Amino acid sequence: MGFVRTAIIYTFIMMIALQPVFAQDWQKQESAPAFRGKQDDIHFISPDMGWYVNGAGKIFRTRDGGANWEMVFEKPGTFFRCVGFLDSLVGFAGNIGTDYFPNVKDTVPLYKTVDGGRTWKPVAYSGPVVKGLCAIEIIKIPYINHGVLAYKHKIIAGGRVGNPAFLLVSSDDGESFRSVDMNAQCAFILDVKFTSERVGYIAAGSHKDVAKSNALILQTKDGGATWKKVYQSNRPYEITWKASFPSEKVGYVTLQAYNPDTTVRKRFVLKTTNGGKKWKEILLVEDHSIREFGIGFISPLKGWVGTNKTGYETTDGGKTWTKKDMGAAVNKIRVISTPDGFVCYAIGSHVYRWQGSADAAR
């Protein structure tokens, strides 16, 4: 009996030991120093394999969930603002372009790699000239291929901060691109987010002069063929920045305020619960010094907002927010679903990682 009891206890201990270990907080990773205060985008194709880019023209890759990063490419004079990959080999990186940040000499808006980021070539496109890009959205579309479930990708890249507003669109896995002039509908594009093949959103500003700009959200229901305004603020000095949709109905967008009047203290997050038809302004904090950047939600209730100073977390859909140490100037938060829960990455001054069970989303 003693042997059996010991065996049972040992089995129980091993079962506990083999359970996934989830971090309770954001964990800082060893990454390159920040470039001018923040780094802009990060993208993962799995919990372990990902890339991030920065304004110094550098691209980094990890194969072990961010424990180690290697610089795989460097192009001085290029300001890499956004990144997205289809698989372990094929990816795209967007450049902010000239005449906005100093020392940026590269006029190529989009680059492509077919070897995991080791080498990059300019992407050719048809249509009007695109000045620069701030966001890349990759839409994974299932289809039946000779009796087998396969996937194709639609790629939509948008930009840029400070004007002008253009999209670069590919419907054939990035083999060809065309540009779309969006200047009649917005002054510049900060983020592009799709919840399905047909429904998508653009985070934008209404005027190229920020003193005259309202925060603006556009929506498409036909895959980007047409866009319409679904939200516009009534205050000057405002733009929208980044978007996160934990479901097709529920979405969040960060709203940036640049009003120099220090009595204008309220900082808002925008929320929809009906698929973008209506948007509500949710108070994040009353602090004139705070500027919002990235946003990411793992469920309609739980998510984070990055700001110039710190992060904020909500577990009740934005009713309340608490400060959360996830680094400064978090510009992008990526959420990766796993069989056990979620792995999230946040990039700003540094790279941070968060891992949680499925229960954490409730």
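Colleague: What is the omega of the peptide bond from Asn163 to Pro164?

Modeller: The bond leading from Asn163 into Pro164 is cis. Its omega is near 5°.

Colleague: And where is Arg160, whose peptide bond from Gly159 is cis?

Modeller: The Gly159 to Arg160 bond has omega near -5°. As for its place, Arg160 belongs to the loop between S11 and S12.

Colleague: Good to know. Which loop holds Asp99, and what is its phi?

Modeller: Asp99 is found in the loop between S7 and strand S8 (110-113). Its phi is positive, although the residue is not a glycine. The value is near 70°.

Colleague: Which residue in S7 is the bridge partner of Phe85?

Modeller: S6 and strand S7 (residues 91-95) run antiparallel and are joined over five bridges. Strands of a sheet pair through backbone hydrogen bonds. For Phe85, the bridge partner in S7 is Gly91.

Colleague: Now the sheet S14-S15-S16-S17: by how many degrees are neighbouring strands turned against each other on average?

Modeller: Here too the sheet is open, with four strands in the order S14-S15-S16-S17 and antiparallel pairing. Strand S14 (188-194) and strand S17 (228-232) are its edges, each pairing on one side only.

Colleague: Which residue in S17 pairs with Leu216 as its bridge partner?

Modeller: Strand S16 (residues 215-220) and S17 are antiparallel partners over four bridges. Within S17, the bridge partner of Leu216 is Gln232.

Colleague: On to the largest pocket: which strand gives the most to its lining?

Modeller: The space in the largest pocket is about 1100 Å³. Several strands each supply at least two lining residues, including strand S2 (41-44), strand S10 (135-145), S14 and strand S26 (332-337). The top contribution is six residues, and it comes from S26.

Colleague: Which residues are the closest to the centre of that pocket?

Modeller: The lining of the largest pocket counts 35 residues. By class, 18 of the lining residues are nonpolar, 10 are polar and seven are charged. The closest to the centre are His43, Ile138, Lys193, Arg334 and Val335.

Colleague: Last one: over which residues does pLDDT stay under 50?

Modeller: Across the protein chain, pLDDT averages 93, and 92% of the residues score at least 70. Where pLDDT is low, the predicted coordinates should not be read in detail. The stretch under 50 has two contacts beyond four places in sequence, and it covers residues 6-21.

How values were computed: Residues numbered from 1 in each chain as written. Predicted model: local features only at pLDDT ≥ 70, side-chain atom pairs only at ≥ 80, totals over all residues. Heavy atoms only, no water. Pairing = 2+ DSSP bridges. 1 Å grid on protein atoms, 1.4 Å probe; cavity = no way out; pocket = protein on both sides within 12 Å on 5 of 7 lines; lining within 4 Å. Points joined across faces, edges and corners; volume = space filled by probe spheres on them. Nonpolar A, V, L, I, M, F, W, Y, C, P; charged D, E, K, R; others polar. pLDDT = per-residue confidence, 0-100. Contact = heavy atoms within 4.5 Å.
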